[in-house]
Amino acid sequence: MTVTDDRAAVEFRQSIDMDTELERLLESAAVLSYDPDQEIDWDKPLDPTKYGLNPEWSTLYGTALWDRMSEQQRIDLTRHEVGSIMSTGIWFETMLQSMVLRSQYSADYGDPEFRFALTEIADECRHSLMFSKTCSKMGVPHYRPRRLFHELARVFRTTANGEMSYAAILVAEEVLDVMQRDWMRGENVLEEVRTSSKIHVVEEARHMKFARMEIREHLAGISKPRRHVAALAISIVAAIIVDSLVNDAVYANVGLDPEEAKAAVNGNTHHQNLMRMSCVHLMDFLSEVGLLTPSAMRIYRTVHML
């Protein structure tokens, strides 16, 4: 057997393995999918004593400013923070849907990869609707990212290649996953947030597995320069996403001095350590596939992902 024949045989086996995994993901989607309108009572009044997210995940928790805040301010702050995070999730999920759909434009419509990609888009549509309704029920603004970030993202979703698209998807979902695993178990967290977090965690587990498969497939055999460009682009997207999670307007909207609040956030080592913890598995994966280059690592450190 020649080297070419051997490589073809390996690629054939890999395609069979990927098809098998995709069929399993489709089976999982058929069994473990939720309708937020059935799981969440949108007409039920909010519990006035519950936080929007576990207090430990607040950007101000552990600071002197947090210690001075009243209990009602803390509740209000966490509701605005989770609302901002959900709105950022909606923003990114609209980009995700566009990138996934673009990647499947010329696909084989009978391929399990095509079917799962569309299944993922359907999941993301439900998630965005769920987040939108949760924010409205909490009575918080639908926060938007900075205009510059919004326009840069428009360019990225239009031009990103396969490994960039799926790695950006993985980055966003991995960061949210660790947070939401805590929120869904938080007894002092709003029931609506706990339930929406559970739905997102369960369904995104499939999406993250699909993204890892796609990343490995797209990275196979690419040149070193292309890998380094992808690594840098992905790290910049990740930094923008993390920086956009909690909008600066949140602090003024709960009656805090914005400058004092931002200074407290920037010096909050507790929250910075939580962010690093959230990204451990993500960084391990990026390192494994060769996307954790020195230049990318510098970017990740600026937003405490590393």
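Mentor: Let us begin with accessibility: a residue is called buried under 20% relative accessible area, exposed over 50%, and partly exposed in between, with a 1.4 Å probe and protein chains only. This is a predicted model, in which local features need pLDDT of at least 70 and side-chain atom pairs count only at pLDDT 80 or more, while totals for chains, interfaces and linings use all residues. Residues are numbered from 1 along each chain as its sequence is written, and side-chain values use heavy atoms, with hydrogens and water left out.

Trainee: Is G255 buried or exposed under that rule?

Mentor: G255 counts as exposed because its relative accessibility is 59%. This glycine lies in the loop between α10 (249–253) and α11 (258–266). Its C-alpha atom is 41 Å from that of A230, although 25 residues separate the two along the chain.

Trainee: What radius of gyration does the protein chain have, and what would a compact globule have?

Mentor: The radius of gyration is taken over C-alpha atoms, and the globule rule is 2.2 Å times the number of residues to the power 0.38. For 306 residues the rule gives a value near 19 Å, and the protein chain has 20 Å, which agrees. Along the principal axes, the C-alpha atoms fill a box of roughly 75 × 45 × 30 Å.

Trainee: Among contacts between residues at least 6 apart in sequence, what percentage join residues at least 24 apart?

Mentor: A contact means heavy atoms within 4.5 Å. Of the contacts you describe, 84% join residues at least 24 apart.

Trainee: May we look at one residue, E203? Which residues does E203 touch?

Mentor: E203 is placed in helix α8 (residues 191–219) and counts as buried because its relative accessibility is 0%. Not counting residues up to four places away in sequence, E203 touches L32, S33, Y34, D123, R126 and H127. A polar contact is a pair of N or O atoms within 3.5 Å; within protein, one must be able to donate a hydrogen and the other to accept it, and residues adjacent in sequence count only if both atoms are side-chain atoms. The side chains of E203 and H127 are joined by such a contact of 2.6 Å. E203 and E120 are 83 residues apart along the chain, with 8.7 Å between their C-alpha atoms.

Trainee: Which residues are in contact with the threonines T134, T195 and T88?

Mentor: In each case, residues up to four places away in sequence are left aside.
T134, in helix α5 (residues 112–138), is buried at 1% relative accessible area and contacts W42, M86, E192, V193 and S196.
T195, in helix α8, is buried at 14% and touches E39 and I40.
T88, in helix α4 (residues 71–103), is buried at 8% and touches I241, S244 and L245.

Trainee: How far apart in sequence and in space are F285 and R212?

Mentor: They are 73 residues apart in sequence and 8.5 Å apart in space, C-alpha to C-alpha. F285 is in helix α13 (residues 280–288) and is buried, with a relative accessible area of 5%. Beyond its neighbours up to four places away, F285 touches L170, R212, I215 and R216.

Trainee: Finally, what is the phi of H304?

Mentor: Most residues other than glycine have a negative phi. The phi of H304 is near 60°, a positive value in a residue other than glycine. H304 is found in the segment after α14 (294–302), and is partly exposed, with a relative accessible area of 23%.

Key:
Helices (H or I, at least four residues) and strands (E, at least two) are DSSP runs, numbered from the N terminus.
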